[in-house]
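Look at the sequence and the model before reading on.

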2 protein chains.
Amino acid sequence: MELTGRQKKILRAVVEGYIDAAEPIGSHTVLARTGLTCSSATIRNELAALTREGYLEQPHTSAGRVPTAKGYRLYVNELMMERELSHSETEEINRKLQSTPAGTDKLMADVGKMATELTSYPALTISAAASATVKRVDLIYLDPNSFIIVLLLTGDTVKNKLVHLPFSSTQTLLTRLSALFNANFTGLSEERITPELIASTERAAGDTMGVTSVVAGFLIETLMTSKGAGANVSGEANLLKLPEFQDPDKAHRLINYLSDSRNLSALTAAPDFGDVKVLIGPENAALELRDSSVVLASYDAGDGMRGLIGVVGPTRMDYSAVAAKLAYIAGGLSRLLGAGSSPPAGFGKLMIKGGDSDAQK
Amino acid sequence: MELTGRQKKILRAVVEGYIDAAEPIGSHTVLARTGLTCSSATIRNELAALTREGYLEQPHTSAGRVPTAKGYRLYVNELMMERELSHSETEEINRKLQSTPAGTDKLMADVGKMATELTSYPALTISAAASATVKRVDLIYLDPNSFIIVLLLTGDTVKNKLVHLPFSSTQTLLTRLSALFNANFTGLSEERITPELIASTERAAGDTMGVTSVVAGFLIETLMTSKGAGANVSGEANLLKLPEFQDPDKAHRLINYLSDSRNLSALTAAPDFGDVKVLIGPENAALELRDSSVVLASYDAGDGMRGLIGVVGPTRMDYSAVAAKLAYIAGGLSRLLGAGSSPPAGFGKLMIKGGDSDAQK
DNA sequence: TCTTAGCACTCCCTTTTCCTGAGTGCTAAA
DNA sequence: TTTAGCACTCAGGAAAAGGGAGTGCTAAGA
């Protein structure tokens, strides 16, 4: 059954009222919020109808109405106003994105914090997990007993490791080895690096001391951990301020759930992607999220990979504001990391120290 | 006034009883716990004396006794039994320390998680902040528009960055530049890298495109951020299970405090270091920690730097167990990172994939 | 057929009262 | 110095009472 215009107005009033107040909304409040020119009795009839249809529910007989997941869903899909960010808000986001130093891990942590600050909900970031392959290997000779492995992966991530050896190696061996690694290992994903391949490389390099296995070990290790998508949460404490998480046990369960990055990665499984995705209460696959909502925005992480940034909160969440903010952040991230990986404007010189970053009026 | 032996026994019983039960301890409970051969009335007299001396207090007239900070302090200093870790516990710690892949940031995060698991309190790690200097700079040429900066700092931390240029550079320029950087910048801390130095390097390299400033910018940025000690918290949610944090507001304040790494770094200011340090309630400088306790163990992070690993919990904390565990973890970390930075035994080969790490019976 | 005033009713939440029991401090005797 | 005995205190839970927001229903009006 299609809802009448008035019913939609009423539903919207209930949803928004409940988002504001966290308390069941009664017929009088609806009247006040909608400004409809009818009596509260009429509203009551409509409320009863909406309840019958499953958009609203009553905590108990003599209470006001609270939106159901179905109600929120309709609200999110059709009723909610697109929220435009104010100039000062976009300004702030831009400024923060600019001022954050690169280094993907730290960047994502900072962006998460920013999302928390802007929405006051716990924020999570998930860096996409496209399984990486090796693009280039360099070995930097330091002294007979140590060298640095520098590893360039697809996605332009660079990893490094300082290796101390319990025996001596030589500059020449390292040069020879890195050439061999570049020849034999480029384009390989972790599964395709076999013990045989390592052994043959070792022989080819004339490496009798096991340097090859050290390098190969790091390679495999790096590829494996880069496969497990990097996830990150911040601002969990903010849950505790919300009336729906006054029960420490409930809060504990959710925070605990969020603190395991494997759980977060599971969110990537969320199908069909538009630009912002809203998962309301029971729409969530995970039991622990069943009475919370998750809003996710995906961004272009460069090299054809996508990342997610989102927040977790009660189903009673200001979806329009949250969605708008996340979308804007995701957009900014895409610009920063995405597509042609073209450097941001004003690169070079801007990086230099003392280039006081607030001087951009 | 020096306490009598019996009073010490009683104090210990109260502290340990309260640690176990989180409820005020009465004269009968003390009798049961100590096994003293006197009556409860005698205990009551002693309890009254200990209260008068400030070791204990009563939540209200007709309640049992609870230790004060002074009481805990005496307990920690003199009364508590050195707790030996069981073989399975040390075993477990060793195993986890071994299996954690290097990469200092991730390592510390993992060790923090381990501390949380072992103690069931939020754990924090603070990597010491000895201001680093440059040991070596390498520039790896990738293609005309991009190269990698590899930076080796004191403390053997390696940092890197992939740079995309909006213009072309050449292999020769990069080689020349890295030689110049190594000649002019080694041993310099962030403050001593002046714009003049950069300018003269740029001239010397014949760099007309600003590559030098990009590299120098990264250098400065890295040195600056490495100065702000890296801190890390995990397991905050565990607080919510404790009876003293049932008030969501209280929990929120503490978790919030912990989530700001600047606050954590402030803990480094804690003076005079033995091997494990206990800060009980009001002994903490920070207001937010005034009714919690912090236990910190310091470890050798190599290159003369020290790091901290610790936990935060209610003053009612099993100090002996926590201290023992942290000390053991810190010891393990020192062995792993510390001193001569000598590689752990069985290095090389062990790293290789499939070297099933549990097979060390 | 839709709207509305009126009214009885429901039931949550808060406040109040009462009660129990653990634990105390004091006194007086051993 | 220790101990038995006893009156007293007080937090915390259970039960009772009251208030009030909000409902659904009915019957009359548009």
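Which residues are closest to DNA strand C? They are Cys38(A), Thr42(A), His60(A), Ser62(A) and Gly26(B), out of 20 residues that surround DNA strand C. A residue is near a molecule or strand if its C-beta atom, placed from the backbone, lies within 6 Å of it. The model is predicted: local features need pLDDT of at least 70, side-chain atom pairs count only at pLDDT 80 or more, and totals for chains, interfaces and linings use all residues. Residues are numbered from 1 along each chain as its sequence is written, while chains are lettered from A and ligands numbered from 1 in the order in which they are written.

At least two residues of the surface near DNA strand C come from each of helix H3 (40–52) of chain A, helix H2 (27–34) of chain B and helix H3 (40–52) of chain B. Helices (H or I, at least four residues) and strands (E, at least two) are DSSP runs, numbered from the N terminus. H3(B) gives the largest share of this surface, 4 residues. Sorted by class, the surface near DNA strand C has 6 nonpolar, 12 polar and 2 charged residues. Here Ala, Val, Leu, Ile, Met, Phe, Trp, Tyr, Cys and Pro count as nonpolar, Asp, Glu, Lys and Arg as charged, and the others, Gly among them, as polar.

DNA strand D also has 20 residues around it, and Gly26(A), Cys38(B), Ser39(B), Thr42(B) and Ser62(B) come nearest. For the surface near DNA strand D, the largest share, 4 residues, is from H3(A).

Next comes chain A as a whole. Its secondary structure comes to 13 helices and 10 strands. The domain assignment, which is automatic or from a database, gives domain 1 (5–79), domain 2 (87–129 + 230–343) and domain 3 (134–227). The centres of domain 2 and domain 3 of chain A, taken over C-alpha atoms, are 35 Å apart. Of the 361 residues of chain A, 41% count as buried (20 or more other C-beta atoms within 10 Å of a residue's own; exposed means 12 or fewer, partly exposed in between; C-beta atoms are placed from the backbone).

Is Leu240(A) buried or exposed? Leu240(A) counts as buried because it has 22 C-beta neighbours inside 10 Å. This residue is found in the loop between strand S7 (231–234) and helix H10 (248–258) of chain A. Leaving out residues up to four places away in sequence, Leu240(A) touches Phe245(A), Ala251(A), Pro248(B), Ala251(B) and His252(B), where contact means C-beta atoms, placed from the backbone, within 7 Å.

Chain B shows how strands are arranged. Strands of a sheet pair through backbone hydrogen bonds, either parallel or antiparallel. Two strands are called paired if DSSP finds at least two bridges between them. In chain B, 3 strands form an open antiparallel sheet in the order S4-S5-S6. Strand S4 (134–143) and strand S6 (158–164) of chain B stand at the edges with a single partner strand each, so one side of each is left without a neighbour in the sheet. Strand S5 (residues 146–153) of chain B is joined to S6(B) by 7 bridges, and Ile148(B) stands opposite Leu162(B) in S6(B).

Strand S3 (residues 123–126) of chain B is covered on both faces: Ala123(B) and Thr125(B) on one side and Leu124(B) and Ile126(B) on the other are all buried. Ile126(B) has Ala231(B) as its bridge partner in S7(B) and Leu308(B) in S10(B).

Key:
Contact = placed C-beta atoms within 7 Å.
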